[in-house]
Amino acid sequence: MSEADFEAVASLLSKGRRFLLTGHRNPDGDSLGCQLAFYEYWTKQKKRKADVINHGGVPDKYSFMDPKGIVKQISDKKLWPIWDAVVVFECSSLDRTGNVESVIPGGV
């Protein structure tokens, strides 16, 4: 990532008000931990909005990480808001996000 890329991302994060947070389908503890930590920081410290959506939701063995039910699944695309940006954790390509790609602007 170039310095210009980094500055563009930093600018988007500082100006954005609502974000989609996601990761690879069938998320593991690393991915869920990143998403939920960013969610908590973003909504509590920054007083902004975020939606965490994963293909497949939270696997049973990680349910203890999301006792509030923050992580959602795609069920009805028209109910989702317009996000200022999307933060994708632990993915080298959007197709690894599974069906979440369908609600990512510029996705399939």
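Accessible areas come from the Shrake-Rupley method with a 1.4 Å probe; for residues, only the protein chains shown count as cover. By that method the protein exposes about 6600 Å² of surface, and carbon and sulfur atoms hold 53% of it. This is a predicted model: local features need pLDDT of at least 70, side-chain atom pairs count only at pLDDT 80 or more, and totals for chains, interfaces and linings use all residues. Residues are numbered from 1 along each chain as its sequence is written, and side-chain values use heavy atoms, with hydrogens and water left out.

Now the overall dimensions. The C-alpha trace spans about 40 × 30 × 30 Å along its principal axes. Of the 108 residues, 37% are buried. Buried means under 20% relative accessible area, exposed over 50%, partly exposed in between (1.4 Å probe, protein chains only).

Next, the secondary structure. The protein has two helices and four strands, in the sequence pattern α-β-α-β-β-β. Helices (H or I, at least four residues) and strands (E, at least two) are DSSP runs, numbered from the N terminus. The four strands form an open parallel sheet, ordered β3-β2-β1-β4. Two strands pair if DSSP finds at least two bridges between them. Strand β2 (residues 49–53) joins β3 in the parallel sense over two bridges. There, Ile53 stands opposite Lys72 of β3.

What holds charged side chains together here? The whole structure contains two salt bridges. A salt bridge is a side-chain nitrogen of Lys or Arg within 4 Å of a carboxyl oxygen of Asp or Glu. One joins Asp51 and Arg18 at 2.8 Å, N to O. It links distant parts of the chain: Asp51 sits in strand β2 and Arg18 in strand β1 (residues 18–23), 33 residues apart. Asp51 is buried at 13% relative accessible area, whereas Arg18 is partly exposed at 24%.

The other joins Glu40 and Lys44 at 4.0 Å, N to O. Both lie in helix α2 (residues 29–45), four residues apart, so about one helical turn separates Glu40 from Lys44. Glu40 is partly exposed at 28%, and Lys44 is partly exposed at 42%.
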